[in-house]
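The report that follows takes up domains, chain contacts and selected residues in turn. Please keep the sequence and the structure in view while reading.

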2 protein chains.
Amino acid sequence: MNKERISNVLTKLDGVDAVLVCDPIAIYYLCGKMLHAGERFLGLLLKRDKEPVLFLNILFPLKQIEGVKIVNYADGDDLCAMLSEYIKADEVLGIDKTMQARFLLPMQKYGLAKDYVDGSLAVDKTRAVKDEEELAYLRKSSQINDMAMARFKALIHEGVSEKEVADQTLAIYKELGAEGFSFPSIVAFGKNSADPHHMPDDTILKEGDAVLFDVGCTYKGYCSDMTRTFFYKHAPEGKRKEVYELVRKANEEATKKVKEGVRLCDIDKVARDIITDGGYGPYFTHRLGHFIGIEDHEYGDVSAAFKDLTEVNNVFSIEPGIYDPETLGCRIEDLVVVTKDSCEVLNSYPHDIEIIE
Amino acid sequence: MNKERISNVLTKLDGVDAVLVCDPIAIYYLCGKMLHAGERFLGLLLKRDKEPVLFLNILFPLKQIEGVKIVNYADGDDLCAMLSEYIKADEVLGIDKTMQARFLLPMQKYGLAKDYVDGSLAVDKTRAVKDEEELAYLRKSSQINDMAMARFKALIHEGVSEKEVADQTLAIYKELGAEGFSFPSIVAFGKNSADPHHMPDDTILKEGDAVLFDVGCTYKGYCSDMTRTFFYKHAPEGKRKEVYELVRKANEEATKKVKEGVRLCDIDKVARDIITDGGYGPYFTHRLGHFIGIEDHEYGDVSAAFKDLTEVNNVFSIEPGIYDPETLGCRIEDLVVVTKDSCEVLNSYPHDIEIIE
């Protein structure tokens, strides 16, 4: 287990006597073991001044985790009775936000605790501040992503389809030392780049198309995520060029705003104001960014609604976009790590307009 | 939407006034649309004599589903207030077993309903009986899997690793017309075949090894799942042959037991008794089978604990195994469809001992 991470969670418990963590990724983060219990119960109980307790079906053999008590159960055992040896009926229990009703409803019926509240914030806020080990993996993951982007660009040629390009990206990531995708690669040609949710299809590349790659891999379990928008054979001109430069400016100015103690909504605002002042406000239809780590999307937004202050070693994306089907769909995305006075940009792939010949 | 499936669910509602389905796969099954709302709320409310209502974040644009009322909400909207227009405070609400605590806890705090109970069984029991459209897809998916097995066998050669073989399986499925995996291919050489949870690693093939493939693909969203155990260069002899033949017999005799109205636990017993009588009971460490459809593992077990009766058009796996690291790890798995008097075996790949040269 990771003592420091667990003790960070415990200092953040607010109004609860214990938290029952169920999310396998959060358990991996805290204990260093990735356990997939499928439809069976999996829980890590954290209580101040007590040894963490992991409840695990006997089907998933795990001998030990240092510093964690493992309680095995079998199919058919009374889970609530088992849990009641560690949770008192007069305690307030923090419940993992991902705990499924199939477990929560029986606990409530049994009277396991006095009250049940969402207890995930303590874990989420701990995960939002990366430690050095995590930063090392995130840096490497984004380095691989930078190298991969250059390779992906070389897959673009006359007559190729989005799917054909996307289908080749996994092998390239693996060659470069990644384990796999952080999410399936998005490749969008022409008007498809104006759909921020576009999935690669049989669309064939045409001269003059924009070519958008939104791609990421994992390294030691940590995600990268980067977007670049290229142009096939013809440089963008007029309004198309204007849109590209606005998005680029929104990315770069928002990045300059990042440092410790800034409201995340204010970082979003820098990018949004630039795009709005440029006349494309209605075409920037999503938040500026999301936190990232073991998961591609973790707790924490760079959006108008998220007023928390940045902390040193928060890692999130800066990904402004303009999606105007009549002109251009374009997004430029990097990952950044918050530092005391500014930020470290994890992607080094340039933002310049690039023409693929 | 699929009127018949929805009306089947409604006839199965037991002690609840409505059921709020959240599982995207169940919603796909009932409405024909695969919606991924990520961490946002997604719900399909089913009530007798009322039009189904789908609650969907406005970020996921969906114009219409015939026969379903779509209620859009935006981030920040009061979900409980929205739901309370369709659910009365004195009603008992069936909750999807997969609904996350982040949604259930606020509903309970709001007082959305009088009581909350697990309402998934109505959907699960409907899904467990496949209709003709589903059977057609399941048949085709298993046909592809049969063809794929022959191709996978041809990947086996001197010096190859499990991972190298497993990495080539997806492309073969796609060539054969599948969309993708129903689960990542399991390839296990030698002693690794005695670990039922083994994931392909860098183990290199050796003469005399068992070669286990547990593989499946999807066709039109429907899963196949088959296991065969081959032998590299040397036929199994003595106890190894005995283990293989026991597993084969357990598979074939259990399959003969299948017809409408049999307790699922009794099908498990046929296979378990054969393996136990053969002296390998402790090495058959899992249930005989699981139900399958849009998901590789669906509600319904072929196990000692599952006493429900089979129904016509239930589809499940028959997969006895013996995992004796000193002798042999071996599993033989097929999918079957229950008929009135027997069953249709969806896999035609033979059970005979096969030596790969």
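How many Å separate the centres of domain 1 of chain A and domain 2 of chain A? Taken over C-alpha atoms, the separation between these two centres is 35 Å.

## Model and confidence

This is a predicted model, and the predictor assigns the complex an ipTM of 0.82 together with a pTM of 0.84. For chain A the mean pLDDT is 96, with 100% of its residues reaching 70 or more.

## Domains of chain A

Chain A is divided into domain 1, covering 3–127, and domain 2, covering 132–356. The contact between them draws five residues from domain 1 of chain A and five residues from domain 2 of chain A. On the side of domain 1 that touches domain 2, the elements giving two or more residues are helix H2 (24–31) and helix H5 (121–127) of chain A, and the largest share, three residues, is that of H2(A).

## The relation and contact of the two chains

Chain A is superposed on chain B by a rotation of 180° with 0.0 Å of shift along its axis, at an RMSD of 0.0 Å; that is the relation of a two-fold axis. Among the residues of chain A, Gln100(A) comes closest to the rotation axis, its C-alpha lying at 2.3 Å.

The contact between the chains involves 16 residues from chain A and 16 residues from chain B. On the side of chain A that touches chain B, two or more residues are given by each of helix H4 (101–110) and strand S6 (115–118) of chain A, and H4(A) supplies the largest share, four residues. The residues of this side of chain A divide into eight nonpolar, three polar and five charged. Because 100% of the interface residues of chain A are also interface residues in chain B, the copies meet through the same surface.

## Helix H5 of chain B

In chain B, helix H5 spans residues 120–127, and its buried residues are Ser120(B), Ala122(B), Val123(B), Thr126(B) and Arg127(B). Viewed down the axis of H5(B), these buried residues fall within an arc of 165°, so they line one face of the helix. Their packing partners in chain B are helix H1 (3–11), strand S1 (18–21), helix H2 (24–31), strand S6 (115–118) and strand S14 (298–302).

## A buried and an exposed residue

Leu44(B) has its place in strand S2 of chain B, which runs over residues 42–47. Is Leu44(B) buried or exposed? Leu44(B) is buried, because 27 other C-beta atoms lie within 10 Å, where the cut-off for a buried residue is 20 or more. Leaving aside neighbours within four places in sequence, Leu44(B) is in contact with Val21(B), Ile27(B), Leu30(B), Cys31(B), Pro52(B) and Leu54(B).

Glu158(A) is found in the loop between helix H6 (132–153) and helix H7 (162–166) of chain A. Since Glu158(A) has 10 C-beta neighbours inside 10 Å, this residue counts as exposed, the cut-off being 12 or fewer. Although Glu158(A) and Tyr232(A) are 74 residues apart along the chain, their C-alpha atoms are separated by 9.2 Å.

Key:
Residues are numbered from 1 along each chain as its sequence is written. Chains are lettered from A and ligands numbered from 1 in the order in which they are written. This is a predicted model: local features need pLDDT of at least 70, side-chain atom pairs count only at pLDDT 80 or more; totals for chains, interfaces and linings use all residues. The arc is that of the directions from the helix axis to the C-beta atoms. Two residues are in contact if their C-beta atoms, placed from the backbone, lie within 7 Å. Ala, Val, Leu, Ile, Met, Phe, Trp, Tyr, Cys and Pro count as nonpolar, Asp, Glu, Lys and Arg as charged, and the others, Gly among them, as polar. Domain bounds come from an automatic or database domain assignment. Copies are superposed by least squares on the C-alpha atoms of residues with pLDDT of at least 70 in both. pLDDT is the predictor's confidence in each residue, from 0 to 100.
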